[in-house]
Amino acid sequence: MNIRIIAVGKIKEKYLQEAIKEYSKRLSRYCNLEIIEVEDEKAPENLSIKEEELIKAKEAERIKSKIQPNSYIISLVIEGKNLSSEEFSEKVQKLMVDGINDITYVIGGSLGLSEEVINQSDFKLSFSKMTFPHQLMRIILLEQIYRGFRIMRGEPYHR
């Protein structure tokens, strides 16, 4: 299974980089993981809706340039489907059974994802109705992917 995470922005904080490195190492037993960072646009305070859409459109072009053909696209959006860890694991397992061996998760920047990227997605996933920093969301996603593989294989995991 190939897992790709396309994320807007760089992780600057060392403690977040260490967490990403740890989950990447753990996941190496279960899949080929690739994390692709695309440059974020500077987003000053008090942007108009039009300015926000323009920024998201620029980030969308960078995201789309990294999406592989035939990859199953899962966008992380607040309005997406909420799944338990077990349901998330079942979703990935079903994709594998259906012959899908390449999944791309997309995490937007501070303004979120453009409608264009969201509409291109095969599945829209929400972790919560709350808003999380996109840097932290990367770690949460990696942890849930790891947990999902553990569940799939019947290995112990923390409930």
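**Close-up views of a predicted model**

**View 1. Asn 46 sits in the loop between S2 and H2.** Helices (H or I, at least four residues) and strands (E, at least two) are DSSP runs, numbered from the N terminus. This is a predicted model: local features need pLDDT of at least 70, side-chain atom pairs count only at pLDDT 80 or more, and totals for chains, interfaces and linings use all residues. Residue numbers start from 1 along each chain as its sequence is written, and side-chain values use heavy atoms, without hydrogens or water. Asn 46 is not a glycine, yet its phi is positive, about 60°. Most residues other than glycine have a negative phi.

**View 2. Asn 70 lies in the loop between H2 and S3.** Its phi is positive too, near 70°, and Asn 70 is not a glycine. Asn 70 has 79% relative accessibility and counts as exposed.

**View 3. An open sheet holds 5 strands in the order S2-S1-S4-S3-S5.** The pairing is parallel; two strands pair if DSSP finds at least two bridges between them. S2 (32-38) and S5 (123-126) stand at the edges with a single partner strand each, so one side of each has no neighbour in the sheet. Neighbouring strands are turned by 30° on average, direction ignored.

**View 4. Strands S3 (residues 72-82) and S5 run parallel, joined by 5 bridges.** Ile 74 has Phe 123 in S5 as its bridge partner. Helix H3 (residues 85-97) packs on the sheet and touches S3, S4 and S5; contact means heavy atoms within 4.5 Å.

How values were computed
Axes are lines fitted to C-alpha atoms, for helices over the stretch in contact, and angles run from 0 to 180 degrees between N-to-C directions. Buried means under 20% relative accessible area, exposed over 50%, partly exposed in between (1.4 Å probe, protein chains only).
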